[in-house]
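Hi everyone, thanks for making time. Today I'd like to walk you through one structure, so please have a look at it with me.

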Amino acid sequence: CKLSRGLGDVYKRQIQLLTILGLLGLVAACSTPIEAVMDFDGRFDFGKVRKIAIQPVDRTSVNAIKISDMQIERINQSLAAELSRRGFQVVEDNREADLWMTWHLVTEERTDVRTYDSMSYYNCWRCGPNVSDVSVRQYTQGTFIVDMIDPARNQSVWRSIIESRLQAQPDPAKAEERRREAAAAIFAEFPPS
């Protein structure tokens, strides 16, 4: 019994990892547009920001361990490309940067339970007993958070968040497109006016 339970845990982890692998559409939502929620410190002068340094991902958190180094690099590339498209220079050296950018991906396993009333077996209204169907679906909810940190205060001055159900994205081209869409959504209101 312990062996079969252990194998079940291994399979469950493999399925979770496959789901996480697919998230590399950054937060690959179904086919709905990606929207972000943004907040910022109104006292910070974003008009002076020209150079941004991307900080390494904290590999000690459980969620970060689920993401491979290749996936981290792809996400960083998508974010850097969007920042460059918006006129910012992405630099390697923190000492050169006006802001430091960091990101986090938080995942949570959730269950969606829905009940549906159906017609009876006889396929007519009131010809037999009512039949209820129950649909239970497991899914992974992802929250992708990007922070801009003021190096002088070492505090976040801008944050953007995307929340979405995550899906496996086996097609690399589609995953790349979703990363670009997510990066554009994340920075849609950066810098704030």
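I'll go from the overall layout to the core, then to the helices, the salt bridges and a few local details.

A word on where this comes from: it is a predicted model, in which local features need pLDDT of at least 70 and side-chain atom pairs count only at pLDDT 80 or more, while totals for chains, interfaces and linings use all residues. Residues are numbered from 1 along each chain as its sequence is written, and side-chain values use heavy atoms, with hydrogens and water left out.

Let's start with the layout. The protein has four helices and six strands; helices here are DSSP runs of H or I with at least four residues, strands are runs of E with at least two, and both are numbered from the N terminus. Reading from the N terminus, the order is α-β-β-α-α-β-β-β-β-α. Of the 193 residues, 38% count as buried. Buried means under 20% relative accessible area, exposed means over 50%, and partly exposed is in between, using a 1.4 Å probe and protein chains only.

Now, which residues have the most contacts inside the largest nonpolar core? They are I52, L99, M101, W103, M148, F187 and F190, in a core of 28 residues. The elements giving two or more residues to this core are α3 (69-85), β4 (99-118), β5 (131-150), β6 (155-166) and α4 (172-186). By nonpolar core I mean a set of buried Ala, Val, Leu, Ile, Met, Phe, Trp, Tyr and Cys residues joined through side-chain atoms within 4.5 Å. In soluble globular proteins, nonpolar side chains tend to be buried together. If you click on L99, you'll find that its contacts beyond four places in sequence include F44, F46, I52, M148, V157 and F190. Another core lies apart from the largest one; it has five residues, among them A53, V91, A97 and W100.

Next, helix α3. Its 17 residues should span 24 Å at 1.5 Å a residue, and its end C-alpha atoms are 24 Å apart, so the two agree. That expected span is 1.5 Å times one less than the number of residues. Buried residues in α3 include I72, I75, L79 and L83, along with Q71 and N76. After the helix comes G87, with a positive phi near 95°.

Over in helix α4 sits A183. Is A183 buried or exposed? It is buried, at 0% relative accessible area.

On to the charges. Side chains of opposite charge can pair when their charged atoms come close. The structure holds 12 salt bridges, each being a side-chain nitrogen of Lys or Arg within 4 Å of a carboxyl oxygen of Asp or Glu. One of them joins D147 and R159, at 2.8 Å from N to O. D147 is in strand β5 and R159 in strand β6, so this pair ties together parts 12 residues apart in sequence. D147 is buried at 4%, whereas R159 is partly exposed at 35%.

E177 pairs with R180, their closest N and O atoms 2.7 Å apart. R178 pairs with E181 at 2.5 Å; these two are three residues apart in α4, about one turn of the helix. R178 is buried at 8% relative accessibility, while E181 is partly exposed at 30%. Elsewhere, salt bridges with shared partners link D41, R43, D150 and R153 into one network.

Finally, two backbone details. Most residues other than glycine have a negative phi, and most peptide bonds are trans. N154, in the loop between β5 and β6, has a positive phi near 55°, and N154 is exposed, at 55% relative accessible area. In the segment after α4 we find P191, which is joined to F190 by a cis peptide bond with omega about -5°.

Technical notes: Contact means heavy atoms within 4.5 Å.
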